[in-house]
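Welcome! Take a moment to look over the structure below, and then let us walk through it together, one part at a time.

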Amino acid sequence: MRFMMLIHHDEPALAKAGSELGAEYGAFNEALAKAAGCSPGERLKPSSAATTVRQRGGKTDVLDGPYADTKEQFAGYFFIEAPSLDEAIAWAQRCPSSKYGSVEIRPIMDVTGWKG
Amino acid sequence: MADEAGRAAERVARESYGRLVAFLAARTRDVAGAEDALGEAFAAALRTWPVDGVPENPDAWLLTAARRRQIDALRRRQTQVAGEEDAQQMGDAIAAMAEQRDAIPDRRLALMFACAHPAIEPGMRTPLVLQTIVGLTAEDIAAAFLVPAKTMGQRLVRAKARIRDAGIPFRVPEADELPERLAAVLDAIYAAYTKGWSEVGGDAVPELADEAIWLGWLVVSLLPGEPEAKGMLALMLHASARGAARRDAAGAYVPLEEQDTRLWDVARIRQAEDLLRQANAAGPSGRYQIEAAIQSAHVARRLTGVADWAAIVALYDHLVALTGSPVALLNRAVARAEVDGPHAALTDLAPLEADERMQSYQPYWAAKGHLLSRAGHVAAAAEALRVAVGLTTDDAVKGYLLGRLAALAPPRREGPER
């Protein structure tokens, strides 16, 4: 199964996290790069840099800010290939962000062989 | 002939349902799909067995029929290329299994671990196990859990979809994870037992307690090396062995102290004791093992007349240290009253007064009333017993507590004496 791992962080807390987190992420991304079917993801700029767009009834709304105003904001992502949720949970535990924020595990829908 | 076939179908249903669901679902992780396929296979059996006779290997027959439905469903859902290969492969694997008698691998344990996976909402684990392993209907489960049948049906459908979509595995966890995961499985089974038993039986569903014991035997047989599984089964067997003694001929509640021990199921107690001995010999004590040991001590006390209350208090000490449960603390205080008297026990109960969970917990008020009455605080005891009566849903227990209340303060006669 393919999973997208969505990292969420409390932004002020993340800003305070020092170089320790960076070093942990370096090692984590290296491990991720070695695992078959996994790919290191990206870290996103803080939600203050986000823009949200909606089109309703022919009218486009461009909003300054993230989709949801929550304490923990979407902060990054990576992809893994794993036989089941248990291995995905293990990757989430390895991800340094699980200690500072949270990691949401989302199975990716396989649309190639399915009619729906 | 028709009757014989019907009975055979029922017997197979009872013995094989969970086994076949587990086997069919283990590969696809689609529990609902497996149940549908098996349901159609059972329907086909009820049509053809009365006419053609019961097949020599009913399990294999059902598996073959279910397999056909499952492959059809898979074909319907998948594109030609991707589907054919998968369906063919699965068909071959199942056909190979069905050819050999009794060779259907038992995947029920894997299915149980999927049902009690941490990614499944704790409240749905017991209903899932009861439906997929035991084969209870959503209506039966809903009745035991006091929710509308439709609600329970929807929750079960959602939980099964989650097993399939979230990627929850069908396997027995590795050794490092096993204790925690097994605890969830045992908790799910024990919750079924307590649902079926409630505090004292009453309007509960006794069949559910039997199903839980059956599941307990199943886990013990599939994981013979796990002491906690044996501990939990011993605990359930001990409690159920006294089932017949918990009511008198008029249906009134009889507490352990006053039970007629001749009504106890001695064979069942022996089974429990045997399991507990094995568990104690095998490894570290868990919650269920300690609770079973406490039951065992109470039974020995009533049967031999020799009370070792200090040992019972020591067991509760372990339990409190292990679980931090206020219920364990409550029971420890009640046991301690037998060693150090009711005043010491009431002092132990003091910290529970601030615990919100205890305020609506009937056994807390009943125990408190009992201890206060022994300590000679009649007014306070009456108040506690009245709260206990107010919290009781079981009429037999209510009658018992009202009797205690009456014995405490004999009712004054109405009107002047002539």
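Is Arg29(B) buried or exposed? Arg29(B) counts as buried, because it has 20 C-beta neighbours inside 10 Å, and 20 is the number at which a residue is called buried. Please keep in mind as you read that this is a predicted model.

You will find Arg29(B) in the loop between helix H1 (2–28) and helix H2 (31–52) of chain B. As background, most residues other than glycine have a negative phi.

Look for Leu146(B) in the loop between helix H7 (138–145) and helix H8 (149–166) of chain B.

How many C-beta neighbours does Leu146(B) have inside 10 Å? There are 8, so Leu146(B) counts as exposed, whereas Arg29(B) counts as buried.

## Chain B as a whole

Chain B has 20 helices and 0 strands. Of its 418 residues, 40% are buried. Among the contacts in chain B with a separation of 6 or more, 62% are between residues 24 or more positions apart.

One helix to pick out is H11 (residues 227–241) of chain B. Its 15 residues, at 1.5 Å a residue, should span 21 Å, and this agrees with the 21 Å between its end C-alpha atoms.

## The largest nonpolar core

The largest nonpolar core has 130 residues, and those touching the most other members are Val21(B), Leu38(B), Leu111(B), Val129(B), Ile189(B) and Ala212(B). Where does this core lie? It lies between domain 1 (2–106) and domain 2 (360–410) of chain B, because both domains give residues to it. In soluble globular proteins, nonpolar side chains tend to be buried together.

Not counting residues up to four places away in sequence, Leu38(B) touches Leu20(B), Val21(B), Leu24(B), Leu62(B) and Ala66(B).

## Strands in chain A

Now turn to chain A. Which strands pair with strand E5 (residues 72–81) of chain A? Strand E1 (residues 2–10) of chain A is joined to E5(A) by 9 bridges, and the two run antiparallel. Within this pair, Ile7(A) stands opposite Gly76(A). Strand E2 (residues 39–43) of chain A also runs antiparallel to E5(A), with 3 bridges joining them. Here Ser39(A) stands opposite Phe79(A).

Phe3(A) is found in strand E1 of chain A, and it counts as buried because it has 26 C-beta neighbours inside 10 Å. Leaving aside neighbours within four places in sequence, Phe3(A) is in contact with several residues, including Ile80(A), Ala82(A), Ala88(A) and Ile105(A). Thr70(A), in turn, is 67 residues from Phe3(A) in sequence and 23 Å from it in space, C-alpha to C-alpha.

## Confidence in chain A

The mean pLDDT of chain A is 88, and 96% of its residues reach 70 or more. Among the elements of chain A, strand E6 (residues 102–107) has the highest mean pLDDT, 96. The lowest, 83, belongs to helix H1 (residues 11–16) of chain A.

Conventions:
Residues are numbered from 1 along each chain as its sequence is written. Chains are lettered from A and ligands numbered from 1 in the order in which they are written. This is a predicted model: local features need pLDDT of at least 70, side-chain atom pairs count only at pLDDT 80 or more; totals for chains, interfaces and linings use all residues. A nonpolar core is a set of buried Ala, Val, Leu, Ile, Met, Phe, Trp, Tyr and Cys residues joined through C-beta atoms within 7 Å. A residue is buried if 20 or more other C-beta atoms lie within 10 Å of its own, exposed if 12 or fewer, and partly exposed in between; C-beta atoms are placed from the backbone. Domain bounds come from an automatic or database domain assignment. Two residues are in contact if their C-beta atoms, placed from the backbone, lie within 7 Å. pLDDT is the predictor's confidence in each residue, from 0 to 100. Helices (H or I, at least four residues) and strands (E, at least two) are DSSP runs, numbered from the N terminus. The expected span of a helix is 1.5 Å times one less than its number of residues. Two strands pair if DSSP finds at least two bridges between them.
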